[in-house]
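Biologist: Please show me the model. I want to know what stands behind each label you use.

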Amino acid sequence: TAAAIEELIIPPVQVNYTKLLINGEFVDAASGKTFPTLDPRTGEVIAHVAEADSEDINRAVSAARKAFDEGPWPKMTAYERSRILLRFADLVEKHSDELAALETWNNGKPFEQAAKTELPLFVRLFHYYAGWADKIHGLTVPADGPYHVQTLHEPIGVAGQIIPWNFPLIIFAWKVGPALACGNTIVLKAAEQTPLTALYVAKLFHEAGLPPGVLNIVPGYGPTAGAALARHMDVDKVQLLQPLALRLQIAFTGSTDTGKVVLELAAKSNLKQVTLELGGKSPFIVCEDADVDKAVELAHFALFFNQGQCCCAGSRTFVHERVYDEFLEKSKARALRRTVGDPFKKGIEQGPQIDAQQFEKILRYIRSGVESSATLECGGGRLGSKGFYIQPTVFSGVQDDMLIAKDEIFGPVQSILKFNDLDDVIRRANATRYGLAAGVFTNNLNTANTLSRALRAGTVWINCFDVFDAAIPIGGYKMSGIGREKGIYSLHNYLQVKSVVTPLKNP
Ligand code: ADP
């Protein structure tokens with residue numbers, strides 16, 4: 001209705017790019033196949049997108065290979081590459097409302113979140129890596145002998161990147177930024193749920209002067225297009241008779257299992273290096289000295305942000321017994337106050353889940369919580385009758401061995417557990433196969449120091465959570481992943497070291 005449309009912050013955007021982007025051109029899939037991409041608010045089709053499969057991956061890798069081997073990309077000066085990254089960031093900034101709208105339409109996240117937080121972070125990530133492009137130095141090495149020894153830090157070659165649907169643009173930026181800054185070329189598979197913004201920004205990249213073949217985008221499904229990328233040897237193998245230096249950079253939002261498949265494909269093909277960012281079951285620890293109101297708000301944010309669809313979600317809320325009852329009461333009230341609805345509307349905190357599969361999975365976990373006799377404090381069901389909306393849900397009395405305390409739910413379901421002392425909570429917080437992140441809420445410096453050392457996780461947020469910044473590395477301990485992304489650490493994923501040794505005196 002007209003009234004409903006008036007409530008929208010901005011009108012819906014147009015979908016202009018739905019084909020594969022290979023060698024700087026939009027092309028159909030070799031098979032001619034397409035797949036529908038959906039609006040999570042309704043489950044209706046937004047557009048049909050070209051579906052890449054192994055033949056398309058071959059074409060894309062071939063283009064990326066050529067752009068790497070023959071240039072101009074790795075042969076340009078670092079400053080020229082940096083300028084292109086900066087021009088691209090400027091173009092994204094110019095189109096940022098449109099891009100935020102497209103991100104919301106395809107993903108269901110609140111428009112205000114996309115526009116005010118995610119697009120600025122996307123731009124910041126490219127500014128950050130543009131800054132690195134011309135600051136990549138090797139070393140002069142003091143060897144035992146009359147030699148001049150230096151190391152060159154060189155790009156690896158063609159990077160394969162497989163990204164998830166929960167932060168389609170941000171994860172695009174934290175992979176594409178460092179890979180290009182270091183002089184690599186890329187074949188990127190966007191998630192099948194959310195291919196639209198990757199195609200849009202890749203188009204802008206070419207307007208900013210990116211040479212064809214440097215960045216190729218191949219939307220498609222995981223077991224077909226994704227697996228083809230993970231197992232790729234070298235399209236030019238017959239001619240070159242050597243394996244392609246295909247560097248694979250991967251982020252999985254939910255499934256450590258898929259990470260294992262990708263690692264196995266890499267091992268069975270050409271031993272390409274793999275970076276994995278996988279699932280989590282991160283503890284959020286509320287200590288006895290906590291200001292309860294603040295702790296409630298932060299724990300709520302840690303879990304419910306982005307519809308609960310964050311790899312690092314604080315999905316085990318451990319609360320000290322002394323503040324437990326008050327914390328529980330207030331957390332429940334906060335969840336009941338959470339505004340859920342059309343993500344285009346002003347003031348909405350929570351939109352729909354990404355798709356029917358995730359929606360059903362979350363509802364199954366909620367049923368399992370009830371069956372395992374955790375106390376359902378609020379929520380627990382679907383909201384409305386269309387789209388993939390779920391009520392903000394809070395469980396109390398959760399025990400460590402319940403499925404809802406062990407598995408990654410990836411939805412708006414908070415599990416509250418009680419603890420009585422620091423040793424107890426350290427042991428229990430670490431008793432998980434995951435280790436992506438942890439949150440600590442305390443005013444006691446000793447407690448903060450003890451916990452930040454003891455927790456086996458790639459990020460520990462003290463009195464804050466989900467602080468994402470271009471310069472702060474992210475990655476997992478244990479089965480949450482291999483390697484680190486963002487910050488200076490991400491450069492290591494896209495560089496290899498060459499030692500050059502010269503006698504000081506010619507023989
Ligand atoms: P999620 O549960 O968050 O969807 P997935 O691991 O299924 O996590 O998906 C993350 C990304 O991995 C997506 O781009 C998906 O298409 C891709 N993917 C899924 N299965 C495979 C596979 N067998 N090989 C390579 N990539 C895959």
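The talk below goes label by label.

Modeller: This is a predicted model: local features need pLDDT of at least 70, side-chain atom pairs count only at pLDDT 80 or more, and totals for chains, interfaces and linings use all residues. Residues are numbered from 1 along each chain as its sequence is written.

Biologist: How many helices and strands does the protein chain have?

Modeller: The protein chain has 17 helices and 20 strands. Both are DSSP runs, numbered from the N terminus: helices are H or I with at least four residues, strands are E with at least two.

Biologist: What makes the radius of gyration agree with a compact globule?

Modeller: The radius is taken over C-alpha atoms, and the globule rule is 2.2 Å times the number of residues to the power 0.38. For 507 residues the rule gives a value near 23 Å; the protein chain has 24 Å, so the two agree. The C-alpha atoms fill a box of roughly 80 × 65 × 40 Å along the principal axes.

Biologist: Why is E277 called buried?

Modeller: Buried means that 20 or more other C-beta atoms lie within 10 Å of a residue's own; 12 or fewer means exposed, and in between is partly exposed, with C-beta atoms placed from the backbone. E277 has 29 within 10 Å, so E277 is buried. E277 lies in strand 11 (residues 274-277). The UniProt annotation "active site", from an unreviewed entry, covers E277. UniProt positions are in the numbering used here, feature names are shortened, and annotations may be inferred rather than shown by experiment. Across the protein chain, 51% of the 507 residues count as buried.

Biologist: Is Y324 buried or exposed, and why?

Modeller: Y324 has 21 other C-beta atoms within 10 Å, so Y324 is buried. Y324 belongs to helix 12 (residues 324-337). Leaving out residues up to four places away in sequence, Y324 touches V319 and K418. Contact means that C-beta atoms, placed from the backbone, lie within 7 Å.

Biologist: Why is helix 5 called roughly parallel to helix 6?

Modeller: The axes of helix 5 (residues 111-133) and helix 6 (residues 168-181) cross at roughly 10 degrees and come within 9 Å. That crossing makes the two helices roughly parallel. The cut-offs are under 35 degrees for roughly parallel, over 145 for roughly antiparallel, 65 to 115 for roughly perpendicular, and oblique for the rest. Axes are lines fitted to C-alpha atoms, for helices over the stretch in contact, and angles run from 0 to 180 degrees between N-to-C directions. Residues that meet include F122 and W132 in helix 5, and W174 and P178 in helix 6.

Biologist: How do you know that strand 6 pairs with strand 20?

Modeller: Two strands pair if DSSP finds at least two bridges between them. Nine bridges join strand 6 (residues 147-155) to strand 20, and the two run antiparallel. P155 stands opposite L495 in strand 20. The open sheet of three strands has the order 5-6-20.

Biologist: What makes strand 14 and strand 18 edge strands?

Modeller: Strand 14 (375-378) and strand 18 (459-462) each pair on one side only. Their open sheet has seven strands in the order 14-15-16-13-12-17-18, with mixed pairing. Within this sheet, strand 15 (residues 393-396) and strand 16 (residues 413-419) pair in the parallel sense over three bridges. The bridge partner of F395 is S415 in strand 16.

Key. Two residues are in contact if their C-beta atoms, placed from the backbone, lie within 7 Å.
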